[in-house]
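Subject: Structure handover

Hello,

Here is the structure I said I would pass on. My notes on it follow below.

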Amino acid sequence: MTKLRATTFLIAATLAAPLAAQQEGGRLDIVVQPEPPGLMLGLVQNGPTQLVAGDIYESLLRYNSDLEPQPSLAESWEISDDGLTYTFNLHEGVTWHDGEPFTADDVVFSADVFLRETHARLRASLAYVESITAPDDTTVVFQLKEPFGPFINAFEAGTMPIVPKHIYEGTDYATNEMNATPIGTGPFKFETWEKGSYIHLVKNEDYYLEGKPYLDEVYYRVIPDAAARAVAFETGEVDVLPGGSVENWDVPRLTEMEGVCSTGAGWEFFAPLAWMWMNNREGPTSDVRFRQAVMYAMDRDFVKDVVWNGFGKVATGPVASSTNFYSDDVTPYDYNPEKAEALLEEMGYDGAPVRILPLPYGETWQRWAEAVRQNLSEVGINAEIDSTDVAGWNEKTSQWDYDLAFTYLYQYGDPALGVSRNYTADRIKKGSPWNNVEGYENPELDAKWAAAATMVTPEERAAAYAEIQKEIVDDVPVAWLQELEFPTIYRCDVKDLVTTAIGINDGPRDAWIEE
Amino acid sequence: MWKRFSSNIGAMIGVVLLVAVIAIAIFAPLLFSHDPWQMVQRPFLAPFSMDGLPLGTDTLGRDVASQLAYGARVSLLVGLVSTLVALLIGVPLGALAGFYGNWVDEGAMRFTEFFQTIPNFALAIVLVAIFEPTLASITIAIAIVSWPPVARLVRAEVMSVRKREFVDAARLAGLSRPRILMTQVLPNTVSPIIVMASLMVATAILLESSLSFLGLGDPNAMSWGYMIGAARTVIRSAWWLSFFPGIAIVITVLALNLIGEGLNDALNPHLSRKGKA
Amino acid sequence: MSIFTVILSRAFKAFLTLLAIAVLNFCLLHAAPGDPAVVLAGEAGAADEQMIEQLRERFGLDQPFYVQLGKYVGGVLQFDLGYSFRQGAPVSELILDRLPATLLLTLTAFVISLVLGIAFGVAASARVGKPSDSLLTTLALLFYATPLYWAALMAVLVFSVWLGWLPGFGYETVGADYTGMARVIDIAKHLVLPALTLGLFFMAVYMRMTRASMLEVSQLDFVKTAKAKGLSGPAIRRRHILRNAILPVVTLAGLQAGQLVGGAVLTETVFAWPGIGRLMFESLAARDYNTILGVFLVSAAMVILFNIVTDIVYRLVDPRIGARA
Amino acid sequence: MSALSIEHLSIGLPQGADRAFAVEDISFAIEKGEILCVVGESGSGKSMTANALMGLLPPGVTVKSGRAMFEARDILRLPEAEKQALRGERIAMIFQEPMTALNPLMRIGEQIAEVFAAHDRFSQQERRDKALTLIREVGLPDPEKIIRAYPFQLSGGQRQRAMIAMALALEPKLLIADEPTTALDVTTQAQILKLILDLRERHGMAVMFITHDFGVVAEIADQVIVMREGRVVERGSAASVLTDPQHEYTRRLLDAIPTGKLPPARAPREVPALEIKGLRKVYRTGGGFFRPVREVRAVDDVSLTVGRGEVLGLVGESGSGKSTLGRTAVRLVTPDGGQVLVGGTDLAALSEEELRKQRHKVQMVFQDPYASLNPRQRIMGALTDGPITKGFPKAQAQARARELLEIVGLGAEAASRFPHEFSGGQRQRIGIARALAMDPELIIADEAVSALDVSIQAQVLDLLRDLRERFDLSILFITHDLRVAAQLCDRIAVMQKGKLVEIGTVHDIFLRPQQDYTRQLLAAVPGADWAKAGAA
């Protein structure tokens, strides 16, 4: 029996701040963009909600930047050798923000009842689960049907937020009035939400970790305009700009300011990877030579340097290099317009128009699409940008009404959670923009993906995934673009802000301000 | 009339400016070797820092001067066409309402009022978002939100012309009502319509640029509003990227307004008429 | 006709107009591509058929179109603007949250533009042909030709970034927890730039109108009568010309209310002003139908309110209107 | 010493005007308590003279030379502040258009009291009391109500009285009246003239009375000067100028004035060109959810006949329904009841489509020469639209048009020109040609000469008389001016408040009026006594 016991969270904390003693008090102003639609993490799991509600709700585990599990609501845990039984020992003396005691029943309710209904992504992992039980108030046991390597990564706050049973049991979750005033176990309590302006969280005085949190309060500021967000940081009105909250062009300017620090850490769990879906079903993009031509036509280094201001890394394939099971033994696609033209010539491309669907997430993505369009038109591809907003993008991608479509997806620490969903035939489902939208079908590879997910040892899995990567890169079902890096910009006197693989989503728990 | 117009300094300045803008728009391909989308140099070159790129480069290293020139095409085209479409909606509606009166008028005016009650810019945003931003949808959306004043103006003019005695004379001549409207009444409402149209082109250009600014422009057409919108996020480090297109809009709209005022003074000299003994 | 019956009949008309707006926009929005269930599912991080179906059911999107329309209109008739599933709150609550900010912004801009516009228009007309008149009219033309959002950007750049005189965005200093006078001053400071940029364009409009109207009225016979009485120039302008000249300006102001409220969308976006314009713009991208419709209805109601107010002002100034019937 | 003495006054017009001087080297004087009538047609410079005295010249128009001595000062050269002090206090003025000369947004009382305020006299309360007194003096009913009324609540005559009250407020030494009765109905005009005479008696002020109407001159003038194109062509006492004009222009003006001389009676015509039977037209205004409907009976059960070759005059004051009757007869207005029979066809009963085919039978000559021709259409178009619609070949219609233009005295080449190239009188001729082009059975002339200067008026009347002989025209001649009617008509119908009061031959109406209202109208005609004297 392998016993994975987190030696102590104290070590991690001391490592991050070796000498200075943490100082108590102070207030942190963090930009949140866009304004979250709601704060009930069990119902909404988009980025902004995770950012704010990650301080209110907790899950059983946290993950360090090497994606190793750390204690959170679970003090310790063990996984049986056959990989089928996960046993968690919960902290004692934890209470909900309303004073009710937190018990193992809450965990069972959350995972087995609440989230099964509301949380699509978790539901996929829960499919491997036979049962969830609470032998006593501080123990929870997950019994799996078959081994599922990545399961240990499912206990992150955004993936499995623990919600209060006493509030939600037997109610209509979506319309429960308490959604407006979320109750969690986290280090900060919800205070007020001035819609369109800010969300105010205050210190949870009864937090179960002695001394934590250090901050008195956290303000999440809603500033809808990127330039205004930059100004707000400069004028000192906000202290933290989470990744993506200012345009990349502004990043160097801001980080050069005195007393300003930045870090690219804190995204390891998500490892966002950007690509363009290429419609494998019809049009020129259904021809593998055309897809390869697209890869050769794009100057991806230019985009990385100019559009992303040097942040990130050109992607080589479906798996991000920062995650486990990455392999660089694949065919490289360097910028080579001549080769692209030759491929187009070979396939007999007739100049059929190709629509590019940009991701409607702001100027960076728009510029990116423009640069790609320009690259493509330079090799003779008749490319046009399709304009759309968030709704239109969702509709078009999920209805497969596109030729090339930008997107980026989180990898959730494991190819089985975040990667294979985009390439296997069983994930071709009209109506959702988060699956195999390109329509890539390769039964041989499907089997390999499936096998790799349920292998027990990491070594076995690594080998399997390397093989998959090598094969799929030659097929170019999608045009892999870039491993995204979203630098977090903050004032240097804010310490220990980014200590986990989800960064500031749960960062304020440990953060403190140096006087 | 031309004499009155040409003696108006402001109007002549407007004509000169507008002709310059039109010329730049038409001859853009001759004036600039770079496509406005082509990435030609490193990004964020300041104006006048490199030969051949007088206004510098934008966030992707594209030629700003070339973008301005091509942007003029979109602004003028959208301004002109949307105004024409708005006239096509507003003139007949206003003419019918003013000429036939009664329930036709009542119905047409309720309809117009209804459109005037919805904040026009908000409606334009929704229309463009729904039909997806293309030059056509933008043009139509602008036309849809700008016809009500035309209808009101034409209605008022037609009502006043309709009461003039020559219209009675035409009826007595046995002309049919549609013919009277077309040959007797409408020609007499042309002057104020022309004046309004010139001002509407200006407003349409502003509207188009506002939409583009919000990201609701045609992504395949370079326009001034797009340039400002795209440069907004870098306004701190590269102010010129939003400054020059802004100036271009101001100049064009100003020119159109000056011309409109000049036309107004020349075509509707009711103020000067009263000076006579 | 007394003002009371005027208001009553206008209110009745307004009600019909709003109902029509509700129906038309409902149809319009539902014609849009983009399924709110898909959007919401997408935002939730991952979506499968089951979840999207759930959401459709919850939104009532699985029902036939006319049923949805009927339900919506029925709700509006009872002043129920529906529920925003994206924001998880009743639309009326969302709008009421944001409405004060928009009202503050538009009313301030309205008052600024009207007061300054009329004042400058009167000043220019009194000096017609002189350099100060040319200066004022040229300035007005410039304001008139300047895109609102661009003026806003430049204002932020100059007054907020370079000079640091005024806050460049937001409604108040967050977390400062000012109370009383300090809070009023704080909000006022934040209000200066947005209200000015929104107001400047309309100020230019009203100024030009006032000037033209003053000049036109000053040609009328009764002005000659006033002169023949031996009144001084300023007295004539104040007592006779201005009162008559202001009527078309008031009418115009009422007609432009729609533009003003529309312009607020842009201003609110640039200045991060937490009003309903921004709410609408954000809801649009998410196909949050109910919220967009709600904002439309409320802003149309605002326009109507502006119109009624100008109508009443008109009636108070012009005795002829009330008596005509 | 004269109250006012003008010596060698010249007023310059701005560059580009049709002549250099509005007024050139004129001199005259007004004695205390005297009424001086300044007579002239439009453009004679009479109003400019008055404006110069008040310091109210429009921009660009300036006094070039001469002086105007008033209370021992040259009021043309006073500084603005002193001119201002003079206005309203020592010299007052009333204007032609009572409808527009009062501020529509101010109560009458305020506007009167404002005169005191302008000259800083009296307390608030005193001002109000004085205003009441003045209102009483000018004979306005119910002063307490009038003082709080707005101008739109008053009739034209009442407004002119209010204007006069304002002018009298500070007992000026000189009153300048610029055509004060021109816009008023005859009966009202007579009352206002009487009021001015009364006030002159009571206050002993000098009056400079500007008019184009020798009838008015005959009523009130002590002294007369006649102006033409900026110069004084004749001066003298009223009696001498009226009876023994020296200058040829004065004679022409006097000749042009329709006098009471009645034309010889013609035999009544038996064949009707137009028969109107029991015609009714009610105008309804308002209505709607919250408004009551108001009804005005514009034409109330009127029956009359116009014989073939006959000219029937239709006379009445404003609001009498005479114009509505005329417009109903051509079916520009659809009647609520009754018949309009033209050549046996009831125009009132036709459908829109049938009507278009019958339109040519009745044609109209309109009042306003500036509005009755489409400014964007050449004369040829105006004259041929109708005939071509009626079915004439284009060439024939055009030939006819040229011929008609010759007949009305304009020449065939007028056809290719636009209306703005013609004067008012010429346009009226075009209007007549247009009516004739349709070869109608009846012509309705609606105040066809009212907007014209006296001498032009005479020419157009001559033309009509001529045409009538030539084509044996049947004409319904609508006018507010009995004197004009007398000149042209065979019979006259008098209307009041939508009803036909009296109808008869010109001789019957003028010499043996049956109804009180007709008698009132006749008595109110300015210069009636003098005209009668002349006729006798």
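I start with a loop in chain A: Asp496(A) sits between β20 (494-495) and β21 (512-513) of that chain. Please keep in mind that the model is predicted. Asp496(A) is not a glycine, yet its phi is positive, about 55°. This residue counts as partly exposed because it has 17 C-beta neighbours inside 10 Å. Tyr412(A), also not a glycine, has a positive phi near 50°. Its place is the loop between β17 (404-409) and α13 (415-418) of chain A. Tyr412(A) counts as buried, because 26 C-beta neighbours lie inside 10 Å. As background, most residues other than glycine have a negative phi, and most peptide bonds are trans.

Chain A also has cis peptide bonds. One runs from Gln33(A) to Pro34(A), with omega near -10°, and Pro34(A) belongs to the loop between β1 (27-32) and α2 (47-53) of chain A. Another joins Lys212(A) and Pro213(A), with omega about -10°; Pro213(A) is in the loop between β9 (198-203) and β10 (217-222) of chain A.

Next, the contact between chains C and A. Chain C puts 43 residues into it and chain A 35 residues. On the chain C side, the helices that each supply at least two residues include α5 (91-126) and α7 (148-162). That side is made up of 22 nonpolar, ten polar and eleven charged residues. As for confidence, chain C has a mean pLDDT of 83, with 93% of its residues at 70 or more. Among its elements, α5(C) has the highest mean pLDDT (90) and helix α14 (residues 319-323) the lowest (65).

Which of its residues are buried? They are Arg127(D), Ala131(D), Leu134(D) and Ile135(D). These lie on the same side of α4(D), because they cover an arc of only 100° around the axis. Gln125(D) and Glu126(D), on the other side, are exposed. The cover over the buried residues includes α3 (108-118), α5 (143-146) and α6 (156-168) of chain D. Just after the helix, Gly139(D) has a positive phi of about 80°.

Last, the largest nonpolar core has 530 residues, of which Ala124(B), Ile125(B), Leu476(D) and Phe477(D) touch the most other members. Helix α4 (residues 64-100) of chain B gives the most to this core, 17 residues.

Regards

Methods
Residues are numbered from 1 along each chain as its sequence is written. Chains are lettered from A and ligands numbered from 1 in the order in which they are written. This is a predicted model: local features need pLDDT of at least 70, side-chain atom pairs count only at pLDDT 80 or more; totals for chains, interfaces and linings use all residues. A nonpolar core is a set of buried Ala, Val, Leu, Ile, Met, Phe, Trp, Tyr and Cys residues joined through C-beta atoms within 7 Å. A residue is buried if 20 or more other C-beta atoms lie within 10 Å of its own, exposed if 12 or fewer, and partly exposed in between; C-beta atoms are placed from the backbone. Helices (H or I, at least four residues) and strands (E, at least two) are DSSP runs, numbered from the N terminus. Two residues are in contact if their C-beta atoms, placed from the backbone, lie within 7 Å. Ala, Val, Leu, Ile, Met, Phe, Trp, Tyr, Cys and Pro count as nonpolar, Asp, Glu, Lys and Arg as charged, and the others, Gly among them, as polar. The arc is that of the directions from the helix axis to the C-beta atoms. pLDDT is the predictor's confidence in each residue, from 0 to 100.
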